[in-house]
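Here is a short report for a reader meeting this structure for the first time. Look at the strands first, then at the open space.

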Amino acid sequence: MTDNTPRNSLTLLGLGDMGTALARTWLAAGHRLTVWNRTAAKAGALAAEGATVAASPAEAVAANGLVVVCLLDDSSVGSALDGVDLTGKDLVNLTTGTPAEGRARAAWAEERGARFVDGGIMATPSMIGAPEAGGYVFYSGSRALFDTHRTTLEVPAGARFVGEDAGHAALHDVALLSAMWGMFAGISHAYALIEGEDIAPKDLAPLLSEWLGAMGFFIGNAAERLTSRDFTSGVVSNLAMQVTGTGTMLRTSEEQGVSTELVSPYVDLLRRRLAADPAAHGGEDTTGAILLLKR
């Protein structure tokens, strides 16, 4: 495909908090930026900073070869681009979505003559344009598109290409967020246990950080075991022992008047793995329980 616009010229559809942060970063870096937003008033401040404001998605898309979309959801993307000529365009979708939506949108774009890359933003708006904050974006889909525009895409945040399957950016995004929410659940339960006790949350905080850091070995260990399907070699604290130990946690929660709703699902999963075949699974570590989650 041929991009007849300057390499540092692009279009951005969507000026919510994230879109605005992206826009300001590109403008600050000297990129020529055309923007569109359904609520036009949001574009006013960016116009003062040098952005060209388009009256419609079609006008915005026509302005540049690289088109970045950062809207509310996948339905909003379809609505905004309905009937817009995408022939020869490079479409980068930074709208939060599912892997299936990413794959479907890739096919939709290709049918309309565009190259497509889906993205998963691992950052908050305040982290955009701040390399020291560590934010980055997962990208998947057309490798050629990514390679062509990588320098531009890396201006707001780091860029990590995770494969030509357009669904893999969203899959990586949600996998990391799932781990984050699970960690938040455990931390929340820990703080609930000391609520009302003569233990200050600020005193427990460094202990939690230290302990969770020490338990980080589980990430690599689980990856190796899921690859090899060897759940028993080198196990220090086996599943049978872990299941027994969860009883103490549950009883302590009851004594403290704390609901177990955040931790019980994981305990139940471990118990199911053990109950399925105590002789076979009792000596495993806990990684085998992951297989029960796959339907």
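How many bridges join strand 5 to strand 6? Four bridges join them, and the two strands run parallel. This is a predicted model, in which local features need pLDDT of at least 70, side-chain atom pairs count only at pLDDT 80 or more, and totals for chains, interfaces and linings use all residues. Residues are numbered from 1 along each chain as its sequence is written, and side-chain values use heavy atoms, with hydrogens and water left out.

**Strand 5 and its neighbours**

Helices (H or I, at least four residues) and strands (E, at least two) are DSSP runs, numbered from the N terminus. Two strands pair if DSSP finds at least two bridges between them. Strand 5 pairs with strand 4 in the parallel sense, over four bridges.

| Strand | Residues | Bridge partners |
|---|---|---|
| Strand 6 | 115-122 | Phe116 with Leu91 |

Asp90 and Val92 point one way from strand 5, while Leu91 and Asn93 point the other way. All are buried, meaning under 20% relative accessible area, where exposed is over 50% and partly exposed in between (1.4 Å probe, protein chains only).

Strand 4, helix 4 and strand 5 make a right-handed β-α-β unit. From strand 5 the chain crosses through helix 5 (residues 99-111) to strand 6, and this β-α-β crossover is right-handed. Right-handed means that, with the strands pointing away from the viewer, the path from the first strand over the helix to the second runs clockwise.

**Helix 4**

Six of the eight residues of helix 4 are buried, so helix 4 is largely enclosed by the rest of the structure. Asp74, Ser76 and Val77 are among them. Gly83 follows helix 4, with a positive phi near 80°.

**The largest pocket**

Its space is about 2500 Å³, a volume filled by probe spheres set on grid points joined across faces, edges and corners. On a 1 Å grid over the protein atoms alone, a pocket is an open set of points where a 1.4 Å probe fits, with protein on both sides within 12 Å along at least five of seven lines; lining residues have an atom within 4 Å of a point. The lining has 49 residues, and Gly182, Met183, Phe218, Tyr266 and Thr286 lie nearest the centre. Helix 7 gives the most, with 14 residues.
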